[in-house]
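Hi everyone, and thanks for making time for this.

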Amino acid sequence: MGSLKPAAFITLLLLAFLSFSEAREFLVGGSPNSWKIPESDPETLDKWAEEIRFRIGDSLVWKYESGKDSVLEVTKDAFLSCNTSNPIAEHTDGNTTVNLTRSGPYYFISGAPGHCEKGQKLQVIVLSTKHVRPATASPAPSPAGGLPTGHGDRLEGLWLAALGALMGLGYILM
(Lines give C-alpha, C1' and ligand atoms only; values in the text may rest on other atoms or scores of the structure.)
Protein backbone atom coordinates (compact mmCIF):
# COMPACT_ATOMS: atom_id res chain seq x y z
CA MET A 1 0.00 0.00 0.00
CA GLY A 2 2.89 2.35 0.76
CA SER A 3 4.26 2.05 -2.78
CA LEU A 4 0.88 2.96 -4.26
CA LYS A 5 1.05 6.52 -2.91
CA PRO A 6 4.32 7.42 -4.67
CA ALA A 7 3.06 5.81 -7.89
CA ALA A 8 -0.12 7.92 -7.78
CA PHE A 9 1.93 11.01 -7.05
CA ILE A 10 4.25 10.36 -9.99
CA THR A 11 1.26 9.78 -12.28
CA LEU A 12 -0.26 13.11 -11.23
CA LEU A 13 3.05 14.87 -11.81
CA LEU A 14 3.36 13.37 -15.30
CA LEU A 15 -0.15 14.49 -16.18
CA ALA A 16 0.61 18.01 -14.95
CA PHE A 17 3.82 18.20 -17.00
CA LEU A 18 2.07 16.89 -20.12
CA SER A 19 -0.45 19.71 -19.90
CA PHE A 20 2.38 22.25 -20.19
CA SER A 21 3.54 20.80 -23.49
CA GLU A 22 0.15 20.83 -25.21
CA ALA A 23 0.08 22.64 -28.52
CA ARG A 24 -2.20 25.64 -28.80
CA GLU A 25 -4.24 26.86 -31.74
CA PHE A 26 -4.44 30.62 -32.38
CA LEU A 27 -7.05 32.34 -34.51
CA VAL A 28 -5.02 34.94 -36.42
CA GLY A 29 -5.85 38.41 -35.15
CA GLY A 30 -8.04 36.98 -32.39
CA SER A 31 -11.30 36.98 -34.37
CA PRO A 32 -12.68 35.26 -37.50
CA ASN A 33 -12.63 38.44 -39.61
CA SER A 34 -9.09 39.59 -38.79
CA TRP A 35 -7.41 38.45 -42.03
CA LYS A 36 -8.24 41.59 -43.99
CA ILE A 37 -6.75 44.97 -44.77
CA PRO A 38 -6.39 46.75 -41.41
CA GLU A 39 -8.86 49.62 -41.04
CA SER A 40 -6.59 51.99 -39.12
CA ASP A 41 -3.19 50.68 -38.07
CA PRO A 42 -1.31 48.73 -40.78
CA GLU A 43 0.62 46.87 -38.04
CA THR A 44 -2.49 45.54 -36.29
CA LEU A 45 -1.72 41.86 -36.98
CA ASP A 46 1.94 42.17 -36.01
CA LYS A 47 0.98 43.87 -32.74
CA TRP A 48 -1.40 40.99 -32.04
CA ALA A 49 1.40 38.46 -32.68
CA GLU A 50 3.87 40.34 -30.46
CA GLU A 51 1.61 39.71 -27.45
CA ILE A 52 1.82 35.92 -27.83
CA ARG A 53 4.67 33.58 -27.04
CA PHE A 54 4.37 31.05 -29.84
CA ARG A 55 5.98 27.67 -29.28
CA ILE A 56 6.90 24.78 -31.56
CA GLY A 57 3.77 22.69 -32.06
CA ASP A 58 1.34 25.62 -31.92
CA SER A 59 -0.90 26.34 -34.92
CA LEU A 60 -2.18 29.46 -36.62
CA VAL A 61 -5.72 29.47 -38.04
CA TRP A 62 -6.95 31.92 -40.65
CA LYS A 63 -10.63 32.47 -41.51
CA TYR A 64 -11.28 34.34 -44.75
CA GLU A 65 -13.45 34.22 -47.85
CA SER A 66 -12.17 31.52 -50.19
CA GLY A 67 -11.71 32.75 -53.75
CA LYS A 68 -11.29 36.39 -52.66
CA ASP A 69 -8.19 36.09 -50.50
CA SER A 70 -5.41 33.71 -49.57
CA VAL A 71 -2.54 33.20 -47.14
CA LEU A 72 0.98 32.99 -48.51
CA GLU A 73 3.91 31.88 -46.40
CA VAL A 74 6.91 33.79 -47.75
CA THR A 75 10.55 34.65 -47.10
CA LYS A 76 11.56 37.73 -45.13
CA ASP A 77 12.47 39.58 -48.33
CA ALA A 78 9.11 38.74 -49.93
CA PHE A 79 7.38 39.84 -46.73
CA LEU A 80 9.15 43.20 -46.70
CA SER A 81 8.53 43.84 -50.41
CA CYS A 82 5.05 42.19 -50.53
CA ASN A 83 6.25 39.91 -53.32
CA THR A 84 3.60 37.22 -53.98
CA SER A 85 5.34 35.57 -56.95
CA ASN A 86 7.22 32.70 -55.27
CA PRO A 87 5.64 31.74 -51.91
CA ILE A 88 6.96 28.96 -49.69
CA ALA A 89 3.34 27.79 -49.31
CA GLU A 90 0.00 29.04 -50.66
CA HIS A 91 -3.37 28.50 -48.96
CA THR A 92 -6.68 29.41 -50.60
CA ASP A 93 -9.31 27.32 -48.79
CA GLY A 94 -10.73 30.04 -46.51
CA ASN A 95 -9.99 27.99 -43.39
CA THR A 96 -6.22 27.66 -43.26
CA THR A 97 -4.22 26.05 -40.48
CA VAL A 98 -0.43 26.30 -40.39
CA ASN A 99 1.53 24.25 -37.87
CA LEU A 100 4.56 25.98 -36.38
CA THR A 101 7.18 23.23 -36.58
CA ARG A 102 10.41 25.12 -35.94
CA SER A 103 11.68 28.06 -33.91
CA GLY A 104 12.34 31.41 -35.51
CA PRO A 105 10.36 33.80 -37.69
CA TYR A 106 7.48 32.93 -40.01
CA TYR A 107 6.21 35.44 -42.58
CA PHE A 108 2.70 35.52 -44.06
CA ILE A 109 1.10 37.89 -46.55
CA SER A 110 -2.22 38.11 -48.33
CA GLY A 111 -2.20 36.86 -51.90
CA ALA A 112 -4.94 39.30 -52.95
CA PRO A 113 -3.53 42.09 -55.15
CA GLY A 114 -2.62 45.19 -53.14
CA HIS A 115 -3.63 43.77 -49.75
CA CYS A 116 -0.11 43.19 -48.40
CA GLU A 117 0.93 46.73 -49.33
CA LYS A 118 -1.98 48.00 -47.21
CA GLY A 119 -0.88 46.00 -44.16
CA GLN A 120 -2.48 42.58 -44.55
CA LYS A 121 0.57 40.65 -43.45
CA LEU A 122 1.80 38.89 -40.37
CA GLN A 123 5.16 38.08 -38.84
CA VAL A 124 5.25 35.41 -36.11
CA ILE A 125 8.25 34.52 -33.97
CA VAL A 126 8.31 30.99 -32.53
CA LEU A 127 10.39 30.53 -29.39
CA SER A 128 13.08 27.89 -29.25
CA THR A 129 12.51 24.88 -27.01
CA LYS A 130 14.83 26.32 -24.36
CA HIS A 131 12.47 29.27 -23.76
CA VAL A 132 9.74 28.74 -21.21
CA ARG A 133 6.77 31.06 -20.85
CA PRO A 134 6.70 32.43 -17.29
CA ALA A 135 3.47 31.95 -15.34
CA THR A 136 3.38 35.64 -14.43
CA ALA A 137 3.53 36.95 -18.01
CA SER A 138 1.03 39.54 -19.16
CA PRO A 139 -2.22 38.15 -20.56
CA ALA A 140 -2.06 36.99 -24.18
CA PRO A 141 -4.90 36.95 -26.69
CA SER A 142 -6.86 33.75 -26.51
CA PRO A 143 -6.25 30.65 -28.58
CA ALA A 144 -8.96 29.86 -31.11
CA GLY A 145 -11.83 28.13 -29.39
CA GLY A 146 -10.07 28.50 -26.05
CA LEU A 147 -10.61 30.62 -23.00
CA PRO A 148 -11.60 34.29 -23.27
CA THR A 149 -8.79 36.76 -23.97
CA GLY A 150 -6.19 37.05 -21.23
CA HIS A 151 -6.90 33.80 -19.36
CA GLY A 152 -4.24 31.55 -20.93
CA ASP A 153 -1.35 32.68 -18.76
CA ARG A 154 -3.52 32.76 -15.63
CA LEU A 155 -4.58 29.19 -16.33
CA GLU A 156 -0.94 28.24 -16.63
CA GLY A 157 -0.32 29.96 -13.28
CA LEU A 158 -3.13 27.89 -11.77
CA TRP A 159 -1.49 24.74 -13.15
CA LEU A 160 1.77 25.78 -11.50
CA ALA A 161 -0.03 26.36 -8.20
CA ALA A 162 -1.75 22.98 -8.49
CA LEU A 163 1.56 21.34 -9.30
CA GLY A 164 3.10 22.92 -6.20
CA ALA A 165 0.22 21.67 -4.09
CA LEU A 166 0.58 18.17 -5.53
CA MET A 167 4.29 18.17 -4.82
CA GLY A 168 3.63 19.22 -1.23
CA LEU A 169 0.96 16.53 -0.87
CA GLY A 170 3.30 13.93 -2.36
CA TYR A 171 6.00 14.90 0.11
CA ILE A 172 3.57 14.56 3.03
CA LEU A 173 2.30 11.18 1.82
CA MET A 174 5.77 9.71 1.35
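Let's start with the overall layout: the chain has four helices and eight strands. Here helices (H or I, at least four residues) and strands (E, at least two) are DSSP runs, numbered from the N terminus. Reading from the N terminus, the order is α-β-α-β-β-β-α-β-β-β-β-α.

A quick word on the ground rules. This is a predicted model, where local features need pLDDT of at least 70 and side-chain atom pairs count only at pLDDT 80 or more, while totals for chains, interfaces and linings use all residues. Residues are numbered from 1 along each chain as its sequence is written, and side-chain values use heavy atoms, with hydrogens and water left out.

Now some totals. The chain has 174 residues, and 35% of them count as buried. By buried I mean under 20% relative accessible area, by exposed over 50%, and by partly exposed anything in between, with a 1.4 Å probe and protein chains only. The chain exposes about 10,200 Å², with carbon and sulfur atoms supplying 60% of that; these areas come from the Shrake-Rupley method with a 1.4 Å probe, and for residues only the protein chains shown count as cover. Take the contacts, meaning heavy atoms within 4.5 Å, between residues at least 6 apart in sequence: 72% of those join residues at least 24 apart.

Next, the cysteines. How many disulfides does a search of the whole structure find? The search turns up one, a disulfide being a pair of cysteine sulfur atoms within 2.5 Å. The partners are C82 and C116, with their sulfur atoms 2.1 Å apart. The link of C82 and C116 is left-handed, at -70° about the S-S bond. C82 sits in the loop between α3 (76-81) and β5 (89-91), and C116 in the loop between β7 (104-110) and β8 (121-127), so the pair ties together parts that are 34 residues apart in sequence. C82 is buried, at 12% relative accessibility, and C116 is buried too, at 3%.

On to charges. The whole structure holds four salt bridges, where a salt bridge is a side-chain nitrogen of Lys or Arg within 4 Å of a carboxyl oxygen of Asp or Glu. R24 pairs with D58, with the closest N and O atoms 2.8 Å apart. Because R24 lies in the loop between α1 (4-20) and β1 (25-27) and D58 in the loop between β2 (54-55) and β3, this pair ties together parts that are 34 residues apart in sequence. R24 is buried, with a relative accessible area of 16%, and D58 is buried at 1%.

Then there is K36 with E39, at 3.2 Å from N to O. Here K36 is partly exposed, at 33%, whereas E39 is exposed, at 72%. D41 and K47 also form a salt bridge, their closest N and O atoms being 2.4 Å apart. Both D41, at 23%, and K47, at 41%, count as partly exposed.

Now please look at D69, in the loop between β3 (59-63) and β4 (71-74).

Setting aside neighbours within four places in sequence, D69 is in contact with several residues, including W35, H115 and Q120. That brings us to Q120, in the loop between β7 and β8. Q120 is buried, at 0% relative accessibility. A polar contact of 2.7 Å joins the side chains of Q120 and H115.

My last stop is R102, in the loop between β6 (95-99) and β7. R102 is partly exposed, at 36%, and its side chain reaches the backbone oxygen of P105 at 3.1 Å. Beyond four places in sequence, R102 is in contact with I56, E73 and V126.

Notes. A polar contact is a pair of N or O atoms within 3.5 Å; within protein, one must be able to donate a hydrogen and the other to accept it, and residues adjacent in sequence count only if both atoms are side-chain atoms.
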